[in-house]
2 protein chains.
Amino acid sequence: MLTFYLNNSIFPCMSDFATFSSVTHSSSTLSAELTTTLRDAIITGEIAQGTKLSEAKMAKEFDVSRGPLREAIRRLEGMNLIIHIPQQSARVVTLSRDLILQLYDTREALESKAVALAAVKMTSREIDELHREIDAQSKQMRENSGAFVPVESDYRFHEMVIRGSKNKVIERALIHELYNLIKMFRYQNEFANTSSTNSLVEHRQIVYAIEQRDPVLAEVTMRRHIVHARERIERRMSLN
Amino acid sequence: MLTFYLNNSIFPCMSDFATFSSVTHSSSTLSAELTTTLRDAIITGEIAQGTKLSEAKMAKEFDVSRGPLREAIRRLEGMNLIIHIPQQSARVVTLSRDLILQLYDTREALESKAVALAAVKMTSREIDELHREIDAQSKQMRENSGAFVPVESDYRFHEMVIRGSKNKVIERALIHELYNLIKMFRYQNEFANTSSTNSLVEHRQIVYAIEQRDPVLAEVTMRRHIVHARERIERRMSLN
DNA sequence: AATTCAACGAATGTCGACATTTTTTACACT
DNA sequence: AGTGTAAAAAATGTCGACATTCGTTGAATT
């Protein structure tokens, strides 16, 4: 069975949903389970961009009533993964070139602020964890002689920094409302599949700045890190 | 009948809801109407912070079934106005000192980026509208010999700048997910009721920077504007 | 042939009832 | 009196059916 790794949770193809739901009962409510299942299906592209979501069909497919399904859709709306027009349709978001670039501009603003705060607020224990993560990145890249930082590790790194800001508002904006779209974009576009070896160097610089408790340096470094990613995307992305 | 002005929409006290719903049929769906009604009731404090929302009671009060009401609650969750714990409770958010300061940090990051983009992207027509708005502010303040920029005008100004960025992601993050909380905070705390006369000067500086098509100046100016607001709040806010 | 209108089908919105879980209350026991 | 347990009450979660709206098809008219 094909499985994808996202957010530390494994989820199988949608056709295997029956199996999945009988195996995993982590979430308390049906509606919450549906939310994560749909989220992952959208991120991976199993449900393609722009797809019109028919409540009746999906309810039948997942073998649930329309109530919980509608709630899941509302939540995904709040995560910017679904665009809903009342009385008409709910569609999976379409990642235009424009939207992606706007996404990275927003990420630049939020995450550079987050790391500035993190430089002040992170505990030394948390900084240690950052070290462990980039050491693992380094090791993995040497072993696989890969030019790319493994995506999951990259997400873990950035999310550790974000949480380190101790700012719940930024954390929610980034993790709940932005990163899903970024994961979706990266998952569905090989060329966006993380960063060159530069990324690892940049990660080290970020940790260094945090370690020095230097919010300005941390902010500038993170800003550059994200701008680099944005530039890479802007160059390589076809115009649509 | 007591009415409050928010987002260009008038809404009466909740006790008068029956009247309201028979008068205004602007929104297409019940669920959408409930969302705005509840949103405004939360912002004004008619539904107090921390209130536990009982679906049954509210459904009876508004004379609707629980379905649309639950959807409205999910949407308000997405706007950060309600915190929901599955199987337990949905509560109106509580604006702690900490949360407010985090909110302003986030706003600083997003809105300074927004204005930098606006300095590049705004049309001259849009800049004219900015002028009209701050001229109106100036006039109102002279006439009422007031030390404060009228809140509604202040929101209009900031929202014009945000839209001027032409960045839908930032726009949504700010207007849909942050400003409601800020409005809530300001509405329920006299002392936060906009800014000193400095604000008007700062608004002029921001427009000047945009006019000069100077994104760096615009960003710095906006950042200072918001930091000032934050500092004022930090000084005056009791510790809770 | 193109356009308009009407009827049909499909989809979303809304409702009331049932199921399950949580919280409260009351009672028994130490 | 305090604690623990069990029943009862209240609340959330879920379901299936009905209502309304939207989009489409097809026929009638110009």
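Reader: What should the 22 residues of helix α10 of chain B span, and how far apart are its end C-alpha atoms?

Author: Happy to start there. The expected span is 1.5 Å times one less than the number of residues, so α10(B), residues 215–236, should span 32 Å. Its end C-alpha atoms are 32 Å apart, which agrees. A helix here is a DSSP run of H or I of at least four residues and a strand a run of E of at least two, both numbered from the N terminus. This is a predicted model, where local features need pLDDT of at least 70 and side-chain atom pairs count only at pLDDT 80 or more, while totals for chains, interfaces and linings use all residues. Residues are numbered from 1 along each chain as its sequence is written, with chains lettered from A and ligands numbered from 1 in the order in which they are written.

Reader: Which residues of α10(B) are buried, and what covers them?

Author: Among them are Ala218(B), Met222(B), His225(B) and Ile226(B). The cover includes α5 (97–121) and α9 (198–211) of chain B. Buried means 20 or more other C-beta atoms within 10 Å of a residue's own, exposed means 12 or fewer, and partly exposed lies in between, with C-beta atoms placed from the backbone.

Reader: Why is Leu99(A) called partly exposed?

Author: Leu99(A) has 17 other C-beta atoms within 10 Å, so it is partly exposed. Leu99(A) sits in helix α5 of chain A. Its C-alpha atom is 9.7 Å from that of Leu181(A), 82 residues away along the chain.

Reader: What share of chain A is buried?

Author: Of the 240 residues in chain A, 37% are buried. Chain A has 11 helices and 4 strands.

Reader: Which residues are closest to DNA strand D?

Author: Of the 19 residues that surround DNA strand D, the closest are Leu30(A), Ser31(A), Ser65(A), Gly67(A) and Glu55(B). A residue is near a strand if its C-beta atom, placed from the backbone, lies within 6 Å of it. The most comes from α4(A), with 3 residues.

Reader: And which come nearest to DNA strand C?

Author: There, Glu55(A), Leu30(B), Ser31(B), Ser65(B) and Gly67(B) come nearest, out of 19 residues. The largest share, 3 residues, belongs to α4(B).

Reader: How do the residues near DNA strand C divide by class?

Author: They divide into 6 nonpolar, 10 polar and 3 charged. Nonpolar covers Ala, Val, Leu, Ile, Met, Phe, Trp, Tyr, Cys and Pro, charged covers Asp, Glu, Lys and Arg, and the others, Gly among them, are polar.

Conventions
Two residues are in contact if their C-beta atoms, placed from the backbone, lie within 7 Å.
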